[in-house]
Structures are given as structure tokens and as C-alpha cells.
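Please examine the sequence and the model before reading further.

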Amino acid sequence: MNNGDYDEEAALKAAIEASLKTEDQFKPKETLKPLGGMVELYEKKLTNGLDTASIVVATDTDFWYYNCNDEIDRGWGCTYRVIQTIFSNLQKRGSIDKSENVPTLRNIQECLSELPGYDRSIVGSKKWLEPPDSNRFFRTYGVIGYDTKYNLGNKLVKQKLATDLRNHFSTVRTPVMVDDKYKTFGVLGVAEGKSGENYVLIFDPHVHVTESLTLADIRANKIDMVGWKTFEEHFKSKTWMVLFPLRVPPSVDESGANGIRDSGGICTKGCISCAIS
């Protein structure tokens, strides 16, 4: 391999190894709590010069982020936190029984450990999860969704993702999970800028705070990892794994550039968006 070549597999391995060394080096001063009310805030007030008529967002949810509820997960727990954010949304809309507690990180691992393809070694670990794992987790609650990949190095696929997100938030309106192999984010809405560019509302769980977030913090723009970002700014030309909760998998005719995946996250048809070059 030439020095100029990029070894993605080695880079990913190094990132995972680094995340496992975080231990408890970043301890909050208090028990951090999830924050509600943010979707409405970004929809109604913090619009940053967007064409407000174009804004479509998820229904209400609580935002979960690193180290919430005394579970120290900085460096490895981002997917778990997006699972909790989606779970909160599903409860508020009645898709999951409201008597259920939002699962802890260990609860999520316990659940997965009972499914084919996992074992008890995941419980208590710092194992990274991805959208296919999350899809399988939600199916244990009877929540149907589908996960797929978009290779955004292809312009047609990039436009397809923008269209799919707008359709999703115009109809289903659950948060969407997106993962570039290194970091997982929640997408909670889409909009257009006044000059026509696409924007996405990003909830980033990689928030490093020592005290619980408040809406006042958000209004004061103290957390710059959360908010409206241009499509290009956030997604760039990477390959993204995406989970659409509560969205019925499209038929082959409707799927276009999307690969359809089963509950185990296995692609059932070849397509340009599932191709990782």
C-alpha cells in the first residue's frame, strides 16, 4: 500500500480501540437528564433564515446524549443514545407502551443478546452498534422499520436520500438514524434554505457536558453540534447506513436507489446505494 492510500478498515479499527480507552475520564457533576422540547424549538424559532414553509420535522421526542442517567458512554454509546431518542418518540406517539421505561444501554445489550447472531458477551461491553442492530432491537417491540445504505459519492443517490428524508418527515415523522461507520446521529427534520439548498436538523449525541442541557442552552447556541446543517455540510460524500423507524420497507419497484434490508440488516438486492467502493 502506498503512503497516500487510505485504509478505511484500519482507521475504523483504530477509532474503536481509542473509544474503549475513554473509561470514566469524563464524569458529569450531576446526573444528566434527556432534554425535551427541542424539535418544536427548532421548528418554530431557531430556523436560521430557512424557508419556514419548507420545514418538516419529527413529532415530539426527548434528546438523549452522552452520559445521560449516569451511564458513562463517551466514545462508544452514540447509537444507543439515538435508540433512546427514537424510543422516546415512539412512546410519545403511542407506538410503544408508555409504561415501558426508556431502555438503559445495558437493557439494549440484554435485549440483543437474546437474538440470533449475538451472545452474552455484548452485555456490559462497549460494543459499537449500527442501524441494523437498532432495527432488530426495535422489532422486539413490534416496531417495523427498514435500514439501508446510501453511497453519497453518487449524485443520484445523494438526491435520493434528500427526497427520502423529506418524504419520511412529511408522512411517518419518526427520528431517522444515520451512521457513517464512525459516528451515529439522529435526523429530526428537513428544510430548504431561501436559495434552495437542502438542510437537515441534526441531533448529535456526542455532546460533552457536565451539567444537564436546558432549552436556554439551546437558545443561546451553546451546543453547536445540534441544529440545522446543510445537507452537504453534514453528509458530504460518505457512505451512510440509515434506519427509518415505523416505515414499511418499499417494494422493489418503489425502492429506486435504495437497497432493501431484512430484519437482520442483510441487503436483499444489489443496488448503487448499497455498493461501497
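A salt bridge is a side-chain nitrogen of Lys or Arg within 4 Å of a carboxyl oxygen of Asp or Glu. An α-helix has 3.6 residues a turn, so residues three or four places apart point the same way. Asp164 and Lys160 are both buried. The model discussed here is a predicted one.

Across the whole structure, a search finds eleven salt bridges. Another of them joins Glu232 to Lys158, at 3.3 Å from N to O. This pair connects distant parts of the chain, since Glu232 lies in helix H8 (residues 231-235) and Lys158 in helix H6 (residues 155-171), 74 residues apart. Is Glu232 buried, exposed or partly exposed? Its relative accessibility is 45%, so Glu232 counts as partly exposed. Lys158, by contrast, has a relative accessibility of 13% and therefore counts as buried. A further salt bridge is formed by Arg81 and Asp73, at 2.9 Å from N to O, and both Arg81 and Asp73 are buried.

The nonpolar interior may be considered next. In soluble globular proteins, nonpolar side chains tend to be buried together. The largest nonpolar core of this model has 48 residues, and those that touch the most other members are Tyr42, Leu165, Val187, Phe203, Trp228 and Phe235. Leaving aside residues up to four places away in sequence, Tyr42 touches Thr47, Leu201, Phe203, Ile218, Val226, Gly227 and Trp228. There is also a second, separate core of 23 residues, and Val82, Phe87, Cys111 and Ile122 are among its members.

A disulfide is a covalent bond between the sulfur atoms of two cysteines. How many disulfides are counted in the model? The count is zero. Cys68 is buried, with a relative accessible area of 0%, and Cys78 is buried as well, at 7%.

Two helices illustrate how an element can be enclosed. In helix H5 (residues 131-139), eight of the nine residues are buried, so this helix is largely enclosed by the rest of the structure. Among the elements that cover the buried residues of H5 are helix H3 (78-92), helix H4 (105-113) and strands S4 (145-151), S5 (176-179) and S9 (239-245). Helix H3 is itself largely enclosed by the rest of the structure, because 14 of its 15 residues are buried. At 1.5 Å a residue, the 15 residues of H3 should span 21 Å, and the distance of 22 Å between its end C-alpha atoms agrees. After H3 comes Gly94, whose phi is positive, near 85 degrees.

The aromatic rings complete the picture. Eleven aromatic pairs are counted. In one of them, the ring centres of Trp76 and Tyr80 are 5.5 Å apart and the planes stand at 80 degrees, so the pair is edge-to-face. Trp76 and Tyr80 are both buried. Phe137 and Phe138 also form an edge-to-face pair, because their ring centres are 5.4 Å apart and their planes lie at 70 degrees. Both of these residues are among the buried residues of H5.

Key: Residues are numbered from 1 along each chain as its sequence is written. Side-chain values use heavy atoms; hydrogens and water are left out. Buried means under 20% relative accessible area, exposed over 50%, partly exposed in between (1.4 Å probe, protein chains only). Helices (H or I, at least four residues) and strands (E, at least two) are DSSP runs, numbered from the N terminus. A nonpolar core is a set of buried Ala, Val, Leu, Ile, Met, Phe, Trp, Tyr and Cys residues joined through side-chain atoms within 4.5 Å. Contact means heavy atoms within 4.5 Å. A disulfide is a pair of cysteine sulfur atoms within 2.5 Å. The expected span of a helix is 1.5 Å times one less than its number of residues. Rings of Phe, Tyr and Trp (its six-membered ring) pair if their centres lie within 6.5 Å; planes under 30 degrees apart count as stacked, over 60 as edge-to-face and the rest as tilted.
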